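Visitor: Hi! Could you walk me through this one? I'm new to reading structures.
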Amino acid sequence: MNLETLLAGLHILAILSLVVFLSSQAALCRSEWMNAAVVTRLTRVDMIYGITAVAVLASGLFRTWWGIKGGGWYWHQPLLHFKVGLFIVIGLLSIKPTLTYRRWANTLRETGSLPDEDEVKSTRRLVMLQAHLLLLLPIAAVMLARGVGTRG
């Protein structure tokens, strides 16, 4: 097995893992399902989501550095900049839910109270926005792989 194949496989594995844990957040973060176990689970799922995001970014960077085309080609491609930029936007959008889940868990430990319905809904909207933006990444990836809009 060559390095390109290994790097591609690791990148796909990381991406699929990220999708699983973002989807889990979307499924769990509902006011009608909110209870103490869900609050605890959301903090764990979000932590794993963050780890998978780092794995996606690292494996993607490794592909640009050590892949067949090399960094000189990849880093001159507008679609790669779009992908990385969009991934950063998604990451920035994930900060508020992460902090919110942690606050919910702390409040639950301290007072035993659950988050209110409006806060759960607004947090879920951010998670869903991340999920919908994520859908653009594979489209850009396929276009980049097929040479659409590439330079040199």
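Visitor: How do helix 6 and helix 7 cross, and how close do their axes come?
Guide: In this predicted model, the axes of helix 6 (residues 117–134) and helix 7 (residues 136–145) come within 4 Å and cross at roughly 15 degrees. Axes here are lines fitted to C-alpha atoms over the stretch in contact, with angles from 0 to 180 degrees between N-to-C directions.

Visitor: What does that make helix 6 relative to helix 7?
Guide: That angle makes helix 6 roughly parallel to helix 7, a label for angles under 35 degrees.

Visitor: Which residues meet there?
Guide: His 132, Leu 133 and Leu 134 in helix 6 are in contact with Leu 136, Leu 137 and Pro 138 in helix 7; contact means heavy atoms within 4.5 Å. These divide into 5 nonpolar, 1 polar and no charged. Leu and Pro are among the types counted as nonpolar, Asp, Glu, Lys and Arg count as charged, and types on neither list are polar.

Visitor: Switching topic: how many helices and strands are there?
Guide: The chain has 7 helices and 0 strands. Both are DSSP runs, with at least four residues (H or I) for a helix and at least two (E) for a strand, numbered from the N terminus.

Visitor: And how much is buried?
Guide: Buried residues are 36% of the 152 in the chain, where buried means under 20% relative accessible area with a 1.4 Å probe, protein chains only.

Visitor: What size of box do the C-alpha atoms fill?
Guide: Roughly 60 × 30 × 20 Å, along the principal axes.

How values were computed. Residues are numbered from 1 along each chain as its sequence is written. This is a predicted model: local features need pLDDT of at least 70, side-chain atom pairs count only at pLDDT 80 or more; totals for chains, interfaces and linings use all residues. Side-chain values use heavy atoms; hydrogens and water are left out. Angles under 35 degrees count as roughly parallel, over 145 as roughly antiparallel, 65 to 115 as roughly perpendicular and the rest as oblique. Buried means under 20% relative accessible area, exposed over 50%, partly exposed in between (1.4 Å probe, protein chains only).
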